[in-house]
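Let's take a friendly walk through this model. Have the structure open beside you and look up each part as it comes along.

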Amino acid sequence: MALPFWGKVGQEKLFSSTVAVIGCGALGCNIADLLVRAGVGKIRIIDRDVVEYRNLHRQVLFNEEDARKQIPKAVAAEKHLKKINSDVTVEGIVDNATAGNIEKLCTGVNVLLDGLDNLESRYILNDAALKLRIPYIYGGAIATQGMTMNIIPGVTPCLRCVFPPFLPMYDLADNTSIGVIGMIPAIIGAIEATEAIKIIIGSAEINPNLTVIDLWPITIDNVRVEKDPECPACAGRYEFLNDR
Amino acid sequence: MAKVTVRFNGIWRLYLGIDSVVIAADTVDEALAKIEQNYGKKFKEEWQKKGRKFTRNIIKYSYITVNRKDVRRLEDRSLKDNDIIDILLAVPGG
């Protein structure tokens, strides 16, 4: 709040806002932790899975007791986040984000944050964000690499503009089979949280690029992305919502 | 032929195990065909080792820039020495 570009007005805007974190794995934990500490007003966390021991090196909201009791991530996250900042309304929802429920999950939300672990759900979220005209911050992390991009409906390219979807890509790679170090989702999650705050407080410094980071060795690239004039989602054809 | 640098990012880098290569090509389309033939093939072989199969051109599903400009928007598709082609696929994990 002491920062001039943030200020009391920005803090009030943040406290008046509602964000949704879709997926509460490594990305989602970091995003939620930072936004709750920053003083977002309300945070909705959606995840169906339970905490497992193998999650603990990177999913920073959870502990061994959560894993031993196999507590749903959304429940454990809600419990821990309320202890971090009791002023924040935390709503944990134990469910998958699907084509059937995504619009309901996005109701009343100012910014959608990507904590997902697969591409298919991201294309569903992308369609919902465009349809409901809610900013969506894409983020992904695997191995030592991650990327993030802001999707502002009607303004920026969407996920489909940049990465055409195809079915086999859905299992192209996952963190269970390939692995991921805890630091890369922490960094990508921190960027997602920062961009969400910028969007909420109306900053002019919103990242227009696809930011690509590798930690091993360290490389950081800002890739300029452009709209695809033939993108169905940007033209209002939400195939990932309607095809199911 | 122009000598251009191809930089592999994200999943491409992970599967190929290399950051970049220098190839010779006079046009963007020639370069992309060479990348698919030489590196797309290796990418798919690595993928197949993980029990997955994909036969289509992987390059078509990648985001590609030449000197940071979206390849789909390029009017002049000729290449010159030291041009840089970046290739990315969406990072799926989280």
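Predicted model: local features only at pLDDT ≥ 70, side-chain atom pairs only at ≥ 80, totals over all residues.

Pro217(A) sits in the loop that runs between strand E7 (209–215) and E8 of chain A. The peptide bond that joins Trp216(A) to Pro217(A) is cis, with omega at about 0 degrees. For background, most peptide bonds are trans, and most residues other than glycine have a negative phi.

Which loop holds Asn67(B)? Asn67(B) is found between strand E3 (63–66) and strand E4 (69–70) of chain B. Arg68(B) has its place in the loop between E3 and E4 of chain B too. Neither name is glycine, yet Asn67(B) has a positive phi, near 50 degrees, and Arg68(B) has a positive phi of about 70 degrees.

Are these residues buried or exposed? Here they are, along with Glu65(A), which lies in helix H3 (residues 64–68) of chain A.

| Residue | Other C-beta atoms within 10 Å | Class |
|---|---|---|
| Asn67(B) | 13 C-beta atoms | partly exposed |
| Arg68(B) | 12 C-beta atoms | exposed |

As for Glu65(A), it is 41 residues away from Cys24(A) along the chain, and the C-alpha atoms of the two are separated by 17 Å.

Now step back and look at chain A as a whole. Its secondary structure comes to nine helices and eight strands. The radius of gyration of chain A is 17 Å, close to the 18 Å that the globule rule gives for 244 residues, so chain A is as compact as a globular protein of that length. Along its principal axes, the C-alpha trace of chain A spans about 50 × 45 × 40 Å. Of the 244 residues in chain A, 48% count as buried. Then there is the question of how far along the sequence the contacts reach: among contacts in chain A between residues at least 6 apart in sequence, 70% join residues at least 24 apart.

Next, zoom in on a pair of helices. How are H2(A) and H4(A) placed relative to each other? H2(A) packs against helix H4 (residues 73–84) of chain A at an angle of about 30 degrees, and their axes are 9 Å apart. Angles under 35 degrees count as roughly parallel, and H2(A) and H4(A) are therefore roughly parallel to each other. Their crossing is right-handed. On the H2(A) side, the residues that meet H4(A) are Cys29(A), Ala32(A), Asp33(A), Val36(A) and Arg37(A); from H4(A) come Ala77(A), Leu81(A) and Ile84(A). Sorted by class, this contact of H2(A) with H4(A) has six nonpolar, no polar and two charged residues.

Finally, see where the two chains touch. Chain A brings 37 residues to the contact and chain B brings 22 residues. On the side of chain A that touches chain B, helix H2 (26–38), strand E5 (136–142), strand E6 (145–151) and strand E8 (218–224) each supply at least two residues. E5(A) gives the most to that side, with four residues. By class, the side of chain A that touches chain B has 20 nonpolar, 10 polar and seven charged residues.

Note on methods. Residues numbered from 1 in each chain as written. Chains lettered and ligands numbered in written order. Contact = placed C-beta atoms within 7 Å. Nonpolar A, V, L, I, M, F, W, Y, C, P; charged D, E, K, R; others polar. Buried ≥ 20, exposed ≤ 12 C-beta atoms within 10 Å, placed from the backbone. Axes fitted to C-alpha atoms, helices over the stretch in contact; angles between N-to-C directions. Parallel < 35°, antiparallel > 145°, perpendicular 65-115°, else oblique. Left-handed = near helix turned anticlockwise from the far one by under 90°. Rg over C-alpha atoms; globule rule 2.2 N^0.38 Å.
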